[in-house]
Amino acid sequence: MKNHLPESTASFWLETGQTNSYPALLENLKVDIAVVGGGIAGVLTAHALAEDGKNVALFEARELLHGTTGYTTAKLSAQHQLVYHQLLKRYGKERAKCFYQANMEGIDYIREIADDLDIDCGFRERDAYVYTEHADKKELFEKEAGAYEQLNISGAYVDELPLDLSVAAGIKMTQQAEFQPVTFLHGVLEKNPKLQDAVYEQTLVKELKENEDETLELTTEKGYTIQCNQAIFATHFPTFEIDRHYEDNMDPEISYALAYEAEDVSIHGMYISADDPKKTFRKMTYNEKEYLLVGGQSHRLGDDSSEQSRYEEIDQFAKKVFGVNDPIYRWSSHDMITKDRVPFIGQLDPNYSQVYTQTGFSKWGLADAATGAKVLTDLINGRANKYRDMYHPHRDVPELPEEEASSSEKNDTIEKLIYKASPKDLAPGEATIVDEGEENEFGVYKDTTGELHYLDLACTHVGCGVKWNTGDKTWDCPCHGSRFSATGRVIEGPAMEDLAIKNE
């Protein structure tokens, strides 16, 4: 049966959420603290600092929440698939327990903000489940259940799920939550009076300089300056990097999601598989109408697989298991994965005492980012925070024994991408990579009018070769996760410049 996917990508959260627009910075500015990055990490950090009495401004290079936050599955969870047995092996009981507590505090902080500011963002408590369909993975689940018991985590091993899906093993974690992140975060900015006139979109921060008095000067793409005492880069990947630390300690991954109208689908809770390929699903509500989110298929960015084929596999699974009709939205999300799956939150570089970061959320950044906002607020104010060492960006990450390490995602049924030999053979909306030898490789995209766009494939961050994404019609960088539109316009950093245009 032919799959009928939406022609273009659009996030359910951005399409149904309450949004606002904000001006670009068109003058020089002086503030206590500049927060760079308009996702959940940046917004909640700006909110926490403003509530603490700081004069803070928030800057987003493009549109707020149009990065990873706007393309999430919107699960507030401390579960993070099978992570606690590994954390125990790496760090011991105290830090593993700390990670659980940090995520639970993040969920509570989002609940508290929504209640205090009266933001109707669909916050609901839910149980979260991770499961496997393969009996040979039961031992992994038994080890994880043992970690739950050792760490006093609210949850338990289960051998069946509260839905019509046969499983070999599962783990439930209680007191988790779901919400509408776009509505929530725009509500935070709209209802916090201390952030009025302090939020800027279309404001790309390109340079940072430390002054002799240890204050900082940021310079925007348009040449305006921001004088501040501290700067926080709460971005997908730090756009200010001194050395290769973040390049060497984070890997970019991509995952996919589809949304369906689903009035007759009965699901209670939030679910994700520990199998390859990953599957995740949950219910959503908008205007009293129910929808189903089905996603997964995560993999290392730029592995020459067909992203379109991955969307189609998700659709086939959704129709087989839940009996839904064609999806109404499809989208993907890029994430930076750290070696221990714990984010980097704290001082960005030892040589810059007043520069901080939140990054590397490893697909589970919503609750971590909320706690991270409080961690950075404490660090800037010189207060102790029990999560400081756990999140430290330059922490030592012990290696795991090979049998304990997570296997990389692999799906042998996904088609490998084969580029067409000649640009003249492209259909509208298709692209190819042409290799003429002697390092003369370039990309070609044919738009809907039939015009061909010739592009240099060197990512404008550090020069890695970008790959064509068949599902989202974008050029993606496999090194650090930058994304470019089909015609080469940068749409997600760390790259700041568009792909160079080549002559035919």
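In this predicted model, Lys194 and Glu51 form a salt bridge in which the closest N and O atoms are 3.9 Å apart. Lys194 lies in the loop between helix H6 (181–191) and strand E8 (199–200), and Glu51 in helix H2 (residues 40–51), so the pair ties together parts that are 143 residues apart in sequence. Lys194 counts as partly exposed because its relative accessibility is 46%; Glu51, at 44% relative accessibility, counts as partly exposed.

A further salt bridge joins Lys279 to Glu133, with 3.6 Å between the closest N and O atoms. This pair links distant parts of the chain, 146 residues apart: Lys279 belongs to strand E15 (residues 279–286), and Glu133 to the loop between E5 and helix H5 (138–151). Lys279 has a relative accessible area of 18% and is therefore buried, since buried means under 20%. Glu133 counts as partly exposed at 36% relative accessibility.

Asp248 forms a salt bridge with Arg244. With a relative accessible area of 46%, Asp248 is partly exposed.

| Salt bridge | Closest N and O atoms |
|---|---|
| Lys194 and Glu51 | 3.9 Å |
| Lys279 and Glu133 | 3.6 Å |
| Asp248 and Arg244 | 3.6 Å |

The structure holds 27 salt bridges. Besides these pairs, a network of salt bridges links Asp52, Asp378 and Arg383.

Asp120 counts as exposed because its relative accessibility is 71%, where the cut-off for exposed is over 50%.

The overall dimensions complete the description. The secondary structure of the protein chain comes to 10 helices and 26 strands. Of its 504 residues, 60% are buried. Along the principal axes, the C-alpha trace spans about 65 × 60 × 50 Å. A compact globule with 504 residues would have a radius of gyration near 23 Å, and the 22 Å of the protein chain therefore agrees with that expectation.

Methods: Residues numbered from 1 in each chain as written. Predicted model: local features only at pLDDT ≥ 70, side-chain atom pairs only at ≥ 80, totals over all residues. Heavy atoms only, no water. Buried < 20%, exposed > 50% of the residue type's maximum accessible area, 1.4 Å probe, protein only. Salt bridge = Lys/Arg side-chain N within 4 Å of Asp/Glu carboxyl O. Helix = DSSP H or I, 4+ residues; strand = E, 2+ residues; numbered from the N terminus. Rg over C-alpha atoms; globule rule 2.2 N^0.38 Å.
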